[in-house]
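Trainee: Could you help me learn to read a protein model?
Mentor: Gladly; let us look at it together and take a few features in turn.

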Amino acid sequence: MSAAQNLCVLGATGSIGLNTLDVAARHPQRFRIFALSANERMDELAQLCLRHRPRYAVVAQAAQADTLARRLAPGLTEVLVGQQGLEHIAAHAQTDCVMAAIVGAAGLVPTLAAARAGKKLLLANKEALVMAGPIFMEAVRTHHATLLPIDSEHNAVFQCLPDSFAGDLRGHGVRRVLLTASGGPFRDVALERLRHVTPDEACAHPNWTMGRKISVDSATMMNKALEIIEAHWLFGAAPEQIEVVVHPQSVVHSMVEYADGSVIAQLGNPDMRTPIAHALAYPERIEAGVGALDLFRIGRLDFTAPDFTRFPALRLGYRALREGGTSPATLNAANEIAVAAFLQGRLPFLAITAVIEAVMDALPPHQLASLDDVLGADAAARRQAERQLETMTVKP
Ligand code: NAD
Ligand code: MG
C-alpha cells in the first residue's frame, strides 16, 4: 500500500467529524490527520489535537486560537483562524483528502476551495451542493476533484450504480433513484400535537444520532428535500427520476431502479461510519467498527409513500429543484434561519416550512452564474426570513 493519505476534517467536532476520526484512527497506516477545524467546543478540539497531532487546527476567532495554542505543545499544531484558515487547509498542497462536515452554508466556501484544488472530496455538507449546485459541479469537473457522497442515501446510490457511471443515468439504463427516508420522529405523531413539539423532541431521531440542525431537518423532512436536490447534482437525476420512499427501519439506505426492472439496494446498520469508511478507502473496503447487520432481529422492512401534506418541505424541495437558479439557495438559507429560530424557542415547529415557503414566494429565482450570485441569494433569503419571523415568532 502507498503512503498514508493526509486527511483534512472540516467540522471535526461534529457528529460526522468525530465518526470520521473514529474510522481513520482504525487505519493509521492509511490515514494521517493533517488538519482539523471546529467552530465551538474548544475543549474537544484541544483533545482531538493532542490525540491526532494534526499539522493545522482552524478555529473561528482569534481569541479561541490563542487559548488553543497555549494548550498545545509548541510546534505541535499551527492554529489558524476563520474562513481564510479553512480555505488554506482545504486547498493545502499536502492535503490529499477533505471531509466536508461543517453544517450549513458556512461550509460552502471551504468545500468549494477543496473542489477547486482538485482534492478527493468527501461531501457530508449537503447544503453547499444544494446552494451552489452548478458552480460546485463545474469546479469538480474543471479541477478533476474526486467527489464522493457521505450522505447515507447518496452513498448508497453511488454504491448501486455501475463503476463506469459518469453522470448519465439513462445512458446506464437507470430508470429511477429511490431515496429512502425514515420519516423522522414525527412520522406518526398526530398533526395537532406537532403544534407544540419542543426542540428536544424534534432532535430525538429514532434511528440516527446527528447534529441538531440536521435532526430538525429530518423531523420536517426538509433533510429529504435537500437530498432530492443533492441527488440531482450528484447523479444528474431529473426531478421525476427521484422518488422518496418512507422506510422507518433505516436499513435500506437507498436504491437504484434499472430499465430491466432490477432494483439494487444498499443495506446496513444505520451507522455513518459505513459510508464514511466506504468513501475514505474507495475503491477498497475497510473495517469501520460497524457490527454485522442482524436480519433475523430486524425481521421485516416496511415501505410507504411520503405524506406531502404532513411534510410540505418535500414539495418545497421539488419546487426549488424545478425552479432552479437561486431557488435552492433561497430554500436552504430560509431553512437555516427558521430552524435556528425553532431551536431557540422563537418559532413553532409547524411554522418552519411556512417561513420557508413565504421567503420563496417573496424572492423569485434568478440565474446562478457565480459564487457571488449564490452568496447574494443566501444573504437576501436570510434577511427575508428574519422579516418573516417577526410576523410569526412566539412572543414570550
Ligand atoms: P454537527 O452540528 O454535529 O457538527 C457541525 C460541525 O461544523 C462542528 O464541528 C462545528 O464546530 C462546525 N461548524 C458549525 N458551524 C460552523 C461555522 N459557522 N463555521 C465553521 N464551522 C462550523 O453536524 P453534523 O450532524 O456532523 O452534520 C454535518 C454535515 O453533515 C451537515 O451538512 C449535515 O447535513 C451532514 N450530514 C450529517 C449526517 C449525520 O449523521 N450527522 C448524515 C448525513 C449528512
Ligand atoms: Mg441522509
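**Reading the model step by step**

Mentor: Arg319 has a relative accessible area of 22%, so Arg319 is partly exposed. Buried means under 20% relative accessible area, exposed over 50%, and partly exposed in between, with a 1.4 Å probe and protein chains only. Before going on, note that this is a predicted model, where local features need pLDDT of at least 70 and side-chain atom pairs count only at pLDDT 80 or more, while totals for chains, interfaces and linings use all residues. Residues are numbered from 1 along each chain as its sequence is written, chains are lettered from A and ligands numbered from 1 in the order in which they are written, and side-chain values use heavy atoms, leaving out hydrogens and water.

Trainee: Which residue does Arg319 meet in a salt bridge?
Mentor: Here is the general idea. Side chains of opposite charge can pair when their charged atoms come close. A salt bridge is counted when a side-chain nitrogen of Lys or Arg is within 4 Å of a carboxyl oxygen of Asp or Glu. In this case the partner of Arg319 is Asp361, at 3.0 Å from N to O. Arg319 sits in helix α14 (residues 312–323) and Asp361 in helix α16 (residues 351–362), so the bridge ties together parts 42 residues apart in sequence. Helices (H or I, at least four residues) and strands (E, at least two) are DSSP runs, numbered from the N terminus. Asp361 counts as exposed because its relative accessibility is 52%.

Trainee: How many salt bridges does a search of the whole structure find?
Mentor: The search finds 28. One of them joins Asp22 and Arg273, whose closest N and O atoms are 3.3 Å apart. This pair links distant parts of the chain, with Asp22 in helix α1 and Arg273 in helix α12 (residues 273–281), 251 residues apart.

Trainee: Why does Arg273 count as buried?
Mentor: Arg273 has 14% relative accessibility, so it counts as buried. Asp22, at 27%, counts as partly exposed.

Trainee: Which residues come nearest to ligand 1?
Mentor: A residue is near a molecule if one of its heavy atoms lies within 4 Å of it. There are 22 residues around ligand 1, and Thr13, Ile16, Asn39, Glu127 and Gly211 come nearest. By class, this shell has 11 nonpolar, seven polar and four charged residues. Here Ala, Val, Leu, Ile, Met, Phe, Trp, Tyr, Cys and Pro count as nonpolar, Asp, Glu, Lys and Arg as charged, and the others, Gly among them, as polar.

Trainee: What lies 2.6 Å from an oxygen atom of ligand 1?
Mentor: That is a polar side-chain atom of Glu127. Gly211 places a backbone N or O atom 2.8 Å from a ligand 1 oxygen, and for a polar backbone atom of Ser15 the distance to a ligand 1 oxygen is 2.9 Å. The protein covers 87% of the 830 Å² of accessible area that ligand 1 has on its own; such areas come from the Shrake-Rupley method with a 1.4 Å probe, and for residues only the protein chains shown count as cover.

Trainee: Which residue meets Glu127 in a salt bridge?
Mentor: Lys213 does, at 2.8 Å from N to O. Lys213 lies in helix α10 (residues 212–220) and Glu127 in helix α6, so this bridge ties together parts 86 residues apart in sequence. Both Lys213 and Glu127 are buried.

Key: Polar contact = N/O pair within 3.5 Å; in protein donor to acceptor, adjacent residues only side chain to side chain.
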